[in-house]
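Please keep the sequence and the model in view while reading.

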Amino acid sequence: MKSLDVSPYFAANSVLPFKDRWAVMPLQASMPINPQEVDRNWQILQNSELTGKKRLIYIHIPFCDIHCQFCGFYQNPFRKFDTTIYVDYLLKEISLEINNPAMQSAPIHAIYFGGGTPSALAAGQLGRVITYLKQKAPLAPDCEITVEGRISDFDDARVDSYIEAGANRFSIGVQTFNTKIRQKLGRQSTEQQIIQNFERIALRDSVALVCDLMFGLPNQNYDNWQRDLQIADDLPLDGVDLYSLNLLPTTPLAKGVENHRITIPSVTDKCDFYHQGAKFLGKQGWMHLTNAHWAKTTRERNLYNSLIKQGSNFFAFGSCAGGRLGGQSFMMHRDLTQYYAILDQGKKPLMMLTGKSLLGDWLHRLQAGIEKGRVDLTKLTEHSELFDPLIKQWHQVGLLQDQDRCMNLTLSGRFWSSNILQALQQLLLQLNNPEYIEMQKQMAQKRPSMPPNHAMPAAHPHKQTIKTTLRN
C-alpha cells in the first residue's frame, strides 16, 4: 500500500499560512540533448506534424529603452542597436520554418510579442512581423495577437501600425497610476497622462486593452491601492492583471530593501492587497479568469497566458526566446552577435534543445488547474486519498473552500497558489514519478561541472505566476 507524508506542507495558520510566497520554479523535466545532435533532432521535430494541443507563437524583442530597477531580465539597451537589422533577422528566422510540417499542421491560436519591451521598436517594425505571420502562418480566424509594452510608447503611429497589421490585444504595464510612487521608482508618465493615453487608444475600439497593476510597491497603502483599482475600473479596459511584487536579489530595489533604505509592504499586507483587489473587481462585475487576471468584457480572453499553462505547443522566435514543441523545450542564443551569425548560415540559432519530458501530462493539468483555482486530484493520481489529511488542514486554515478531492481554492488559496502548486508538484512526483526524485539529485550533483551550452533556459517570463518586472 502506498504512503505519503504530507505534513511538511501543512500551513501554519489562517493569518499567515506560509512565511512567504514561493516563486514558481519550473521542473527540469527533460535533459539537454548533446550539442552535436541538436541540428538533427531539430530537423526531425520540424518535419513532424504537431497536433492535438492548441498551438502558439512567442516572439521575443530583447531591447529596453531603460533598465527598470525591478527587472532581472534586462539585456540590450535599445539605443545601442539597429532594430531594423534585428527585425530583418527575426523574419529570416521565421522564414526558415514557416512552411515546415510542424508549423503548417494545425492552426495557431495566439501570438505574443514579449521582451524586453516590444513597444520600444519604431512604428511599423512589429507590423512587418505581424503582416508576415498573417500571410504565411496557419492562424486561426480568432487568433489572439498581443503586443506588450509601456504606456508612453503607444503613440498614434505605433498603435495604428499594430492595428493595421492585425494586432488585436495590447498588454500595457502600468504597475501603479500614483504619480509620487512612480516618480520614486523612476517612472516618467503621470497619472493623468496614463489615463489620457488609455482613453485615446480605447477610442479606436479595435483591440482588447489590458493593464498590469502591481501590489507590494514601496509606499503603497490601502488608500492609494484602492485608487489604482478605481481608476482601472473607470477606464475603458477589457482586462486587468493584479501582480504581487517579487524581489529579484540582484536588482537595485532588492538591494535597497536589504540595506534598509527602502521599505516595502509585508507578505501579510500583500495578501490584504490581493483580497482588496479581488473583492473590489468582483463587486464591480469583473470576471476572475485566472489567479492574477480579470476581464471586464468578453473581448478579453487572456488566451496565450492560459494555454501556456496547459502544456500547449509554442513556437518561439528571436534572440533569447524559449519555446516548447512536441514535449521538447528549446532556447535561442542570448548574444545578438551569435544569433545573427548562425542565421547567416541558414540555421536556427538554437542555444539549447532538450529531449522529451520525462513526466506525464499530470504536471500541465496541475498548473492549468491552479491558475483556474480548481484542481481535481482524482485526475492527477490514482492515490488521491493520500492527500486527505493535507486537504483537511488546508481547508481549516482557509486555503480551500471545502474538503473535496476536487480542490477549489479560496481567495486566500489563490494568493498562496504558488506555494500550493509547489507542494502538490513535489508530492505528485513522489507518487507518479519517484524515479524523477533520484534524477533531480543526480542533476544537482552534475550542475556545477555542466558546460554553459547545456544550461536549461530560465523560466519563460509569461509562464510565471508572480510578476518580476516593471514596464513604464
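H260 is exposed, with a relative accessible area of 72%; exposed means over 50% relative accessible area, buried under 20% and partly exposed in between, with a 1.4 Å probe and protein chains only. The model is predicted: local features need pLDDT of at least 70, side-chain atom pairs count only at pLDDT 80 or more, and totals for chains, interfaces and linings use all residues. Residues are numbered from 1 along each chain as its sequence is written, and side-chain values use heavy atoms, with hydrogens and water left out.

**Backbone features in loops**

- H260 lies in the loop between helix 9 (252–258) and helix 10 (267–283); helices (H or I, at least four residues) and strands (E, at least two) are DSSP runs, numbered from the N terminus.
- The phi of H260 is positive, near 65°, although H260 is a residue other than glycine.
- N302 is another residue that is not a glycine and has a positive phi, of about 55°.
- The loop that holds N302 runs between strand 10 and helix 11 (303–309).
- N302 counts as buried because its relative accessible area is 3%.
- G115 and G116 are joined by a cis peptide bond, with omega at about 25°.
- G116 belongs to the loop between strand 4 (108–115) and helix 4 (125–136).

**The hairpin of strands 9 and 10**

- Strand 9 (residues 287–290) and strand 10 (residues 293–295) run antiparallel and are joined by three bridges; two strands pair if DSSP finds at least two bridges between them.
- Two residues lie between strand 9 and strand 10 in this hairpin.
- T290 has its place in strand 9 and stands opposite H293 of strand 10.
- T290 counts as buried because its relative accessibility is 5%.
- Apart from neighbours within four places in sequence, T290 is in contact (heavy atoms within 4.5 Å) with N302, S306, E371 and R414.

**Strands 1 and 11**

- Strand 1 and strand 11 run parallel, and five bridges join them.
- One of the pairings in these strands sets I59 against F317, its bridge partner in strand 11.
- Strand 11 (residues 313–317) is mostly covered, since five of its five residues are buried.
- In strand 11, N313, F315 and F317 point one way, F314 and A316 point the other way, and all are buried.
- In a regular strand, the side chains alternate between the two faces of the sheet.
- Y58 is found in strand 1 (residues 55–61) and, at 1% relative accessibility, counts as buried.
- Y58 and F314 are 256 residues apart along the chain, while their C-alpha atoms are separated by 6.8 Å.

**Helix 12**

- The buried residues of helix 12 (residues 336–344) include L336, Y339, Y340, I342 and L343.
- These residues lie on the same side of helix 12 because they cover an arc of only 165° around the axis; the arc is that of the directions from the helix axis to the C-beta atoms.
- An α-helix has 3.6 residues a turn, so residues three or four places apart point the same way.
- The exposed residues T337 and D344 are carried on the face of helix 12 turned away from its buried side.
- At the start of helix 12, a side-chain oxygen of D335 comes to within 3.1 Å of the backbone nitrogen of T337.
- G346 follows helix 12 and has a positive phi, near 75°.

**Aromatic rings**

- The structure holds 18 aromatic pairs, where rings of Phe, Tyr and Trp (its six-membered ring) pair if their centres lie within 6.5 Å.
- Ring pairs link F18, W22, F215, W225, F273, Y274, W294, F415 and W416 into a cluster.
- The charged end of R21 sits over the ring of F415, at 4.3 Å from its centre; this term requires NZ of Lys or CZ of Arg within 6 Å of the ring centre and within 35 degrees of the ring normal.

**Helix 16**

- Q425 has its place in helix 16 (residues 417–432) and is buried, with a relative accessible area of 1%.
- The side chains of Q425 and Q422 are joined by a polar contact of 3.1 Å; such a contact is a pair of N or O atoms within 3.5 Å, and within protein one must be able to donate a hydrogen and the other to accept it, while residues adjacent in sequence count only if both atoms are side-chain atoms.

How values were computed:
Rings of Phe, Tyr and Trp (its six-membered ring) pair if their centres lie within 6.5 Å; planes under 30 degrees apart count as stacked, over 60 as edge-to-face and the rest as tilted.
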